[in-house]
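Dear colleague,

I am passing on the structure we spoke about, and below it you will find my notes on what was found. Please read them with the model open beside you.

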Amino acid sequence: MNQVAIALWAQIAIAVLVLAGAALALLGSIGLLRLPTFFERVHAPAIIATSACWCILGGCLLFFSLQGKGLTLQPLLIAAFIAITVPITTIFLMRASMFRARQAGQDVPPNISHVAIRAKKKS
């Protein structure tokens, strides 16, 4: 394979993006371990892992685009897929956990649809 020399500024930018992504992923993992309840734990991986993924994919986009074959769009597709799927799965996990917590009698906020129905009946 022919290796294309990448400019120093690009190497620094790629290294910063990849290291920032790795640091954010580590921060999310530490948050996952340290936070006590599921409702607190779910935010650290969801938000931080998405940010870490975007940083690492930005470094990949820059690296592979500078290899001389034009703009590489695969990292953008991966980033878009993660940006769409992570919030949706987080919402589903939170709803399932809230349902289980309500069934177990734990002190969690009430179901919004039940509150709206009760308010409508009172008026």
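**Surface and overall form**

The accessible surface of the protein comes to about 9100 Å², and 72% of that area belongs to carbon and sulfur atoms; accessible areas come from the Shrake-Rupley method with a 1.4 Å probe, and for residues only the protein chains shown count as cover. Please keep in mind that this is a predicted model, in which local features need pLDDT of at least 70 and side-chain atom pairs count only at pLDDT 80 or more, while totals for chains, interfaces and linings use all residues. Residues are numbered from 1 along each chain as its sequence is written, and side-chain values use heavy atoms, with hydrogens and water left out.

The protein has 5 helices and 0 strands, following the pattern α-α-α-α-α along the sequence; helices (H or I, at least four residues) and strands (E, at least two) are DSSP runs, numbered from the N terminus. Its C-alpha trace spans about 75 × 30 × 25 Å along the principal axes. The radius of gyration is 21 Å, whereas a compact globule of 123 residues would have one near 14 Å, where the radius is taken over C-alpha atoms and the globule rule is 2.2 Å times the number of residues to the power 0.38.

Of the 123 residues, 21% count as buried, meaning under 20% relative accessible area, with exposed being over 50% and partly exposed in between (1.4 Å probe, protein chains only). Among contacts (heavy atoms within 4.5 Å) between residues at least 6 apart in sequence, 59% join residues at least 24 apart.

Helix α1 covers residues 8–34, and at 1.5 Å a residue its 27 residues should span 39 Å, which agrees with the 38 Å between its end C-alpha atoms; the expected span is 1.5 Å times one less than the number of residues. The buried residues of α1 are A10, I14, G21, G28 and G31, and they pack against α2 (38–41) and α3 (43–65). Q11 also lies in α1, but counts as partly exposed because its relative accessibility is 42%. The C-alpha atoms of Q11 and L27, 16 residues apart along the chain, are separated by 24 Å.

For α3, the 23 residues should span 33 Å at 1.5 Å a residue, and the end C-alpha atoms, 32 Å apart, agree with this. Its buried residues include A44, I48, C53, C55 and L57, and what covers the buried residues of α3 includes α1, α2 and α4 (74–103).
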